[in-house]
Amino acid sequence: MKIGKTMLMELKNSWKGFVLFILVVVLLVGGFAHAYPSFSEAFEDELEGSENVDVKMLKEDKEVNVTLNWKEIDNAENYSILVGKSPNMMVALERVDGIERPPHDYNLSYDEDGEIPKRYFAVVAVRAEGERELVGIETNFERTTAFQEIWGVDYGDIQGFLSLLWSTWWVLLIGLYIGYISVNVITKDYEEDRMDVILSKPISRRQYILEKFMVVSLYTLSVLVIIGLVLIGSVYSVGELNSVSSSALIISTLLSWPVFLVIISVSVLAGIYLESSRKAVGVSFIFILIQYGINMVGDLTEGLEYLKTYTIINYWDYESALYGETVGALDVIFLLVLSALLVVSALVIFERKDIPV
Amino acid sequence: MENEVVMRIRGLTKKYGDVVGIKDLDLDVHEGEILGFLGPNGAGKTTTIRTCLGLLQKTSGDVKIFGLDSHEDSIEIRRRTGYLPGDFGMYPDLKVKTILSYLLSQSGVSDESRMKELSERLELDINRKYGNLSKGNKQKVGLVQAFMADQDLIIMDEPTSGLDPLMQQKCYELLREEKAKGKTIFMSSHILAEVEEVCDRVAIIRNAELQVVEEIGSLKEKMGKKLEIEFENSVDPSLFSIEGVDDFEMDGRKATMIVTSNLDQVIKKISQQNIINMSLETFSLEQLFLTYYSRGGKGE
C-alpha cells in the first residue's frame, strides 16, 4: 500500500537539481553531436592531390612491384617521384627524377618481418623553366589516424564519433553526479535529522533502501532516455541518421544504465556505512575515478588491456550497439548481478545498524 | 496501576562499544497513563526510547509493546505508535503540508482532517517551507506528526523543547486530552514542572540505571515533607531524635527537618515549646529530583 511514497518524497525533494542537471547534459550532448561535421572533416585529413595519383601493388616473391600512375600536368617537361615514410617529403627516402610520363614502376623490398613497408609516394611535375608543381601524394596502404590506431575505431564516422563521447567524459559526467545524489538520498536523512521519524513509521528498512536505490536508478534511466532522444534529434539535424539507426543510438545509450546502477549501489552502500555526505561522496568519487583511470590505462597502454576487465566500464559494449545494434547480454547480466549484490550488502548492513542521532 | 501493560521492558541493555547507554532496565508503561522519563542529559533517556523503537539495536533484554516483540514485530508496533524524536528534522525545501501528508500516509492514514485540526490548534502554517520555520514552529511540526495518526501509544523525547510557554501549555492540554481518550504516553523530559503537571508516574534514570518508578503523589509521600520551625527560645536538638525525622538542622532558633513519618510525635514535642513561625512544605518534583541526585543513589 505504501510502496513508492519514500520514492515520491525523494523526487519532490530533489527534482529541481535533477532538472537542472538534465538541461546541462542535454546541452552538452546536443552540442557534441553538432560538432560532428567539422570533426569529421578534420578526420578526413586527405593527402594533397591524392585523387591525382594511383598506386597499385603486385606482390612478388622477393619484392613488391608498385605501379604509380598519375594525372598528367600541362607543360610538364618531366616528373619526379619522392618516396618517404611520412607525407613530409623533406625526409624522403628516395627520389627518382626525369620520368617522362606515367606510369612508373617502383620495386619495394619486404621489411624484416616480411611485411610490405608503408610508403608515401609524391609525384612532382617539373616545367621547362624548372618550376615544380606537386601532382599529388598517395600511399601503398590504407591510412589510419592516430585515434584509430589507439582506440581501434574510425572516428571519422558518426559511430566512431559517438564512441568518443561514450569513452571519454560521459561516465565521469553522469557517474559523478549520480554518485553524488545516490549518497545524498541516504546521508541527508541522517544529517537533516529525519531518519528517526521516517523509520518510526511502519516502513521496513529494506523497503526504505530499495526505494532510495530505485529513485536514483529511475533518475538515471530517465537521463539516459532523454539523452538517447536528444542524440537521435541532433544526429538527425546534422544529417547522419542514415549512417546510424535511432535504435542503435538508444541501445548504446541505455546500455550504460547497468554501469550506473553499480555506481548507485556503491554510493548508497557508502552512504549507509559512513553516515556522512562528505566521506561517502569521497568514496563514491574515488571509486568512479579509479574505474575510469584503470579503463583509460587499459585502453592506451599496450599489454595492459587486461586491466579493463577489472572495470565496470568495460562491460558497457557501446561499439557493438552502435555498429551492430547488438546487446552484450552477458555484460549486462554481470553488471546487474554485481549491482544486486551491492544492494543486498547495503540492506544487510542497514538492517543491523544503529541509526545515528 | 490496574491497566494493561502497553510497554514492557525487561533487562534492557544497550552498549556503544565499552560505553553503557542503558543498563538492565525494567520498566512497564500502562495503558492510559502518561509516564514521565526523567534524567539529566546523557542519563540514557533517548537511548531507551530509540532502542524500544528499534532505531538502536539492543545489546540484551526484551521489549514488548502491545504484547509484540519490538524487533520481530516492529512494523506492526510502529503502525500503532506515534513518535517525536528529540532532534526532529525534515526536508527543508518542502512545504510542511507535503511533509505531514507524507508522514501521515506512511502511517497508513489518508484522512488529513486531524492533521489540519492539530496544525490550526498549534498555530502552525502548513503552507510554509519547513526550512523557513523557527525552531519552535519546527517542533510544532514534530508534535503534529506525532499525534495526527491517532495512534494508541505516543513516545516523545523532550516534547516541549523550543516551544514558548503558551505553546507548552497547549502541548500539555493535548497530552491530557490524549490520555483522556485512553492513549498511552511515554515521554522523556528534563523540565520537572512539566512532568509534574502532566504525568501520572515518573521514572528517574541516572547514569544509565533506573533509580525509581513511582506515582508522583506517592513518591512525594515517601520523600516526606520539609518542616521549618522558628522557636522563641533555643531548643535542645535531641528533642527531634525521632524515627522518621531526617536531615535535622538547627540554625539559632530556627530548625529545619524532613519528616517522612511520625509527624504526630514531632507536633507533640514542639507543642511544649513557644513557636513564632512554622511551615510544612511538600517537596516539588524538582526538589525530589535534586534529592535523588545529591544522594547519589536510590534516594536512600
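Predicted model: local features only at pLDDT ≥ 70, side-chain atom pairs only at ≥ 80, totals over all residues.
Figure 1. After α6(B) comes Gly182(B), which has a positive phi near 95°.

**Figure 2. Helix α5 of chain B and its surroundings.** Helix α5(B) is mostly covered, with 11 of its 13 residues buried. The buried residues run from Asn137(B), Lys138(B), Gln139(B) and Lys140(B) through Val141(B), Gly142(B), Leu143(B) and Val144(B) to Gln145(B), Ala146(B) and Phe147(B). Which elements do the buried residues of α5(B) pack against? Within chain B they pack against β6 (81-84), α3, α4 (113-121), β7 and α6, and from chain A they meet α5 (195-200). From its first C-alpha to its last, α5(B) reaches 19 Å, close to the 18 Å expected at 1.5 Å a residue.

**Figure 3. The contact between chain B and chain A.** On this view, 26 residues of chain B are in contact with 21 residues of chain A. Helices α2 (74-79) and α3 (96-106) of chain B each supply at least two residues to the side of chain B that touches chain A. Of the elements on that side, α3(B) gives the most, with 5 residues.

**Figure 4. An antiparallel sheet in chain B.** The 4 strands of this open sheet follow the order β12-β13-β11-β14 (chain B), and their pairing is antiparallel. Strands β12 (245-251) and β14 (275-282) of chain B are at the edges; each has a single partner strand, so one side of each is left without a neighbour in the sheet. From one strand to the next, the twist averages 10°. Within the sheet, β11 (residues 225-231) and β13 (residues 254-259) of chain B pair in the antiparallel sense over 6 bridges. In this pair, Lys226(B) stands opposite Ile258(B) in β13(B). Strands of a sheet pair through backbone hydrogen bonds, in either a parallel or an antiparallel manner.

**Figure 5. The hairpin of β9 and β10 in chain B.** Strands β9 (residues 201-206) and β10 (residues 209-215) of chain B run antiparallel and are joined by 6 bridges. Val202(B) stands opposite Glu214(B) in β10(B). How many residues lie between the strands of this hairpin? There are 2 residues between β9(B) and β10(B), and in this hairpin Asn207(B) takes a positive phi near 45°.

**Figure 6. An antiparallel sheet in chain A.** Here 4 strands form an open sheet in the order β4-β3-β6-β7 (chain A), with antiparallel pairing. The edges are formed by β4 (94-99) and β7 (132-139) of chain A; each has a single partner strand, so one side of each is left without a neighbour in the sheet. The twist averages 20° from one strand to the next. Strands β3 (residues 76-84) and β6 (residues 120-127) of chain A run antiparallel and are joined by 8 bridges. Gly84(A) stands opposite Tyr120(A) in β6(A).

**Figure 7. The surroundings of Ala346 in chain A.** Ala346(A) is found in helix α11 (residues 329-351) of chain A. Is Ala346(A) buried or exposed? Ala346(A) counts as buried, because it has 25 C-beta neighbours inside 10 Å, and the cut-off for a buried residue is 20 or more. Leaving aside residues up to four places away in sequence, Ala346(A) touches Ile209(A), Ser265(A), Val268(A), Leu269(A) and Ile272(A). By contrast, Ser243(A) is 103 residues from Ala346(A) in sequence and 44 Å from it in space, C-alpha to C-alpha.

Conventions:
Residues numbered from 1 in each chain as written. Chains lettered and ligands numbered in written order. Pairing = 2+ DSSP bridges. Axes fitted to C-alpha atoms, helices over the stretch in contact; angles between N-to-C directions. Contact = placed C-beta atoms within 7 Å. Buried ≥ 20, exposed ≤ 12 C-beta atoms within 10 Å, placed from the backbone. Expected span 1.5 Å × (residues − 1).
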